[in-house]
Amino acid sequence: MKQKTAYVSKTVGQLKPSGIRRFFDLAAGMEGVISLGVGEPDFVTSWSVREAAILSLEQGYTSYTANAGLLELREEISYYMEKQFEVRYAPDSEIIVTVGASQALDIALRAVLDPGDEAIVIEPCFVSYAPLVTMAGGVPVHVQSLKENDFKIQPSQLEEAVTERTKIIMLCSPNNPTGTLLSKSELEGIAAIAEKYDLLVLSDEIYAELVYDEKYASMAAISHMQERTIVVSGFSKGFAMTGWRLGFVCAPEEICAAMLKIHQYAMMCAPTMAQHAAIEALKNGSGDVEEMRKSYRRRRNYFVHSLTEIGLECHVPGGAFYAFPSIEKTGLSSEQFAEQLLIMEKVAVVPGNVFGDSGEGHVRCSYASSMEQLQEALKRINRFVDSIC
Ligand code: PLP
């Protein structure tokens, strides 16, 4: 028999494992660590939502749903998208309920990319984008959003990256890891490039509920963009439901039909009880979401202000629950900073370079932790920075 690794596909064999995991594993073996590394809410899902899942089980809803998800849930998603983001989707043909936003990203890319098609990936970005493009047979083309622009991509940068093979631009606002939020006019600039070169946009709007200073603008609501936009979203972040594995994707009918083929063969449907829970979240969850949003906003203000006081320059993130301070003044690489901070002060942050080359010189800190933990973490970060600067 050949070596076992010889059986692994070349495409998968060449993928690097997620850099975030390495730090989680390091931190997991240590005592007294404050983790600012995890990208998930520190709230437990609202009780009424949990209760809806319990009821679903009690009533014996233990079988498959329609491939695209329960019609009642798709109707609620349609209503939600219109109410929140002013964009209309037909529940029966333009919405698919997925296993997290993660699966939505996967089926979206697989549905539109042919071998060799290029997808523009704006860095720094969520770690799965480039690997998903590669696994879909496409070629990720990296474009770097820059610190001096508060990590807002400039349309001219996108235009420079467009080639004959470009098919789609992957966009994420608010962004993981920078927290950067794009305004309506900034989205319009990107939309103009997409229209000019007849490109699709995959708009990852998973953090759309967690926006603190302005109204959220969805790419699909920009004039003429709904027909070329695939919106990926879900319940994980805004509704504090990461473990439920429930997301959704909204897209023009033809693209939805293509995604549904992959979804029905590869996944069948999202978990039934989680779908019942999501109906409750959309029907009655907005009050709890608002409370969580207020709480994140307070913590964002405190955390970013304190980082700046420590001397770590940090733009004010408009959304999500990440701060992305510059650690350049320490003279350390982002990996060295994260590793030494963990060993010396037991605070876990994520090195910026795991989100792409333009993340170097920064670390991602999630402020979805209690105020006490944030205070203690900041004290330790301050001591660490003082010890090396
Ligand atoms: N998109 C972004 C930008 C994320 O940060 C995450 C999770 O961290 C996801 C998608 C995946 O979300 P889900 O848990 O719904 O699969």
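I began with the charged side chains and found Asp114, Asp117, Arg165 and Lys167 linked in a network of salt bridges, a salt bridge being a side-chain nitrogen of Lys or Arg within 4 Å of a carboxyl oxygen of Asp or Glu. I note that this is a predicted model, in which local features need pLDDT of at least 70 and side-chain atom pairs count only at pLDDT 80 or more, while totals for chains, interfaces and linings use all residues. Residues are numbered from 1 along each chain as its sequence is written, and side-chain values use heavy atoms, with hydrogens and water left out.

**Salt bridges**

I looked up the total and found that the structure holds 22 salt bridges. Arg299 pairs with Asp42, with the closest N and O atoms 2.8 Å apart. Arg299 lies in helix α11 and Asp42 in the loop between β1 (34-35) and α3 (47-58), so this pair ties together parts that are 257 residues apart in sequence; I take helices (H or I, at least four residues) and strands (E, at least two) as DSSP runs, numbered from the N terminus. Arg299 is buried at 6% relative accessibility, whereas Asp42 is partly exposed at 36%, where buried means under 20% relative accessible area, exposed over 50% and partly exposed in between (1.4 Å probe, protein chains only).

I then turned to Arg293, which forms a salt bridge with Glu209 at 3.1 Å between the closest N and O atoms. This pair also links distant parts of the chain, with Arg293 in helix α11 and Glu209 in the loop between β6 (200-204) and β7 (229-234), 84 residues apart. Arg293 is buried with a relative accessible area of 19%, and Glu209 is buried at 9%.

Within helix α13 (residues 371-388), Glu376 and Arg380 are four residues apart, about one helical turn, and their side chains meet in a salt bridge of 2.9 Å, N to O.

**Domains**

I recorded the division of the chain into domain 1 (4-45 + 287-388) and domain 2 (47-284), with bounds that come from an automatic or database domain assignment. Their centres, taken over C-alpha atoms, are separated by 24 Å. In contact (heavy atoms within 4.5 Å) are 37 residues of domain 1 and 37 residues of domain 2. Between the two domains I counted five salt bridges. α11 (286-310) and β9 (322-323) are the elements that give two or more residues to the side of domain 1 that touches domain 2, and α11 gives the most, with six residues.

**Backbone**

I checked the backbone next, bearing in mind that most residues other than glycine have a negative phi, and most peptide bonds are trans. A cis peptide bond joins Glu123 and Pro124, with omega about -10°, and Pro124 sits in the loop between β3 (118-123) and α6 (129-135). The bond from Asn176 to Pro177 is cis as well, with omega near 25°, and Pro177 is in the loop between β5 (166-172) and α8 (184-196).

Phe151 has a positive phi of about 60° although it is not a glycine; Phe151 lies in the loop between β4 (139-144) and α7 (155-161) and is buried at 6% relative accessibility. Met268 has a positive phi of about 75°, lies in the loop between α9 (253-266) and α10, and is partly exposed at 34%.
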